[in-house]
Amino acid sequence: MIQVDVVTIFPGFFDSFLRESFVGIAQKQGQMRIAVHDLRGWTQDRHRTVDDTPYGGGPGMVLKPEPLVAAIEDLAGEKGKREARVILPSPRGQRLSQARLEGLSGEEHLVIVCARYEGVDQRVIDLAVDEEISIGDYVISGGEIPAMLMIEGITRLVPGVLGNSESTLTESFQQDRLEAPHYTRPAEFRGHAVPEVLRSGDHAAVERWRREKAFEITKERRPDLLGDTRGEEER
Ligand SMILES: C[S@@+](CC[C@H](N)C(=O)[O-])C[C@H]1O[C@@H](n2cnc3c(N)ncnc32)[C@H](O)[C@@H]1O
């Protein structure tokens with residue numbers, strides 16, 4: 001069972017996300033326990049202030065350290081003395097990959113801290129965050145979507161959550177390959193026929209076709225994934 005605590009100033013973002021599809025099912029089945037916490041619950045003032053202007057001037061607001069560090073330490077304990085892993089989605093972090101999601105799916109307790117505005121006071125990172133993770137080289141307005149993205153990516157790797165656990169093994173990035181194309185009925189659509197081999201019932205031939213297509217598509221679109229095996233014939 002993986003416990004995930006999310007800290008945000010917009011808890012409502014997560015309402016339907018946590019109920020729907022396999023993230024909802026994983027919680028009902030007891031494989032995931034996900035709790036969303038309103039950062040304002042850790043403020044001390046009448047206005048429940050979470051942000052302030054940046055030292056040195058400049059545009060935007062910065063999330064204050066006191067409520068954030070209090071929230072993280074309540075949920076995860078102190079940095080260096082804790083079992084949990086505290087993640088801050090940030091464009092400055094290491095780029096998220098399937099390999100990192102696999103690593104995270106092996107953790108027992110994650111705390112994901114969603115920033116807004118210009119981001120968090122650097123002391124929050126220094127004192128309380130274990131890892132900054134980026135979802136890509138672009139900027140969006142908050143950490144909530146990155147948090148959902150990570151939760152979804154992790155949940156589908158938890159054994160028993162997806163109906164057919166084999167499907168994760170053949171998916172893109174799982175074996176340094178993009179996935180082969182999929183087809184379903186009808187056998188012909190607007191003059192485009194499903195490749196004959198997929199209808200042949202010859203499982204070995206289907207497997208070989210899928211491996212070849214996965215190799216071709218990876219070579220064409222993402223040769224970087226092939227690494228040392230680039231140019232080698234697919235076996
Ligand atoms: C408007 S952004 C702040 C961007 C920040 N001022 C910068 O230039 O790096 C607000 C928050 O959204 C989240 N965020 C935005 N883009 C992200 C990305 N590519 N990966 C992960 N989190 C992101 C982070 O939590 C970030 O602190």
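**Strands, ligand shell and backbone features of a predicted model**

Me: How many bridges join β5 to strand β7, and in which direction do the two run?
Reply: In this predicted model, strand β7 covers residues 131–134 and is paired with β5. One of the pairs is formed by Q94, whose bridge partner in β7 is I133.

Me: Which residue of β6 is the bridge partner of R85?
Reply: Strand β5 spans residues 85–95, and β6 spans residues 109–113. These two strands run parallel and are joined by three bridges. Within β6, the partner of R85 is L110.

Me: What is the handedness of the β-α-β unit that β5, helix α4 and β6 make?
Reply: Helix α4 comprises residues 98–104 and belongs to one unit with β5 and β6. The strands of this unit, β5 and β6, run parallel. The handedness of the β-α-β unit is right-handed.

Me: Which element gives the largest share of the shell around the ligand?
Reply: The ligand is surrounded by 18 residues, and the closest are P89, E118, I135, G136 and Y138. Both β5 and β7 supply at least two residues of this shell. The largest share is three residues, and the element that supplies them is β5.

Me: How many residues of the shell around the ligand are charged?
Reply: The shell holds 18 residues. Ten of the shell residues are nonpolar and seven are polar. The number of charged residues is one.

Me: Is G143 buried or exposed?
Reply: G143 is found in the loop between β7 and α6, the latter covering residues 144–155. Its C-alpha atom is separated by 16 Å from that of R85, which is 58 residues away along the chain. The relative accessibility of G143 is 3%, and the cut-off for a buried residue is under 20%. G143 therefore counts as buried.

Me: Which class of accessibility does Y117 fall into?
Reply: Y117 is in the loop between β6 and α5, where α5 covers residues 122–128. Although Y117 is not a glycine, its phi is positive, at about 55°. The relative accessibility of Y117 is 40%, so this residue counts as partly exposed.

Me: What is the phi of F173?
Reply: F173 lies in the loop between α7 and β8. With a relative accessible area of 38%, F173 is partly exposed. F173 is not a glycine, yet its phi is positive, with a value of about 75°.

Me: Is the peptide bond from R185 to P186 cis or trans?
Reply: P186 lies in the loop between α7, residues 166–169, and β8, residues 188–189. The omega of the bond from R185 to P186 is near 10°. The peptide bond is cis.

Methods. Residues numbered from 1 in each chain as written. Predicted model: local features only at pLDDT ≥ 70, side-chain atom pairs only at ≥ 80, totals over all residues. Heavy atoms only, no water. Helix = DSSP H or I, 4+ residues; strand = E, 2+ residues; numbered from the N terminus. Buried < 20%, exposed > 50% of the residue type's maximum accessible area, 1.4 Å probe, protein only. Pairing = 2+ DSSP bridges. Right-handed = clockwise from strand over helix to strand, strands pointing away. Near = heavy atom within 4 Å. Nonpolar A, V, L, I, M, F, W, Y, C, P; charged D, E, K, R; others polar.
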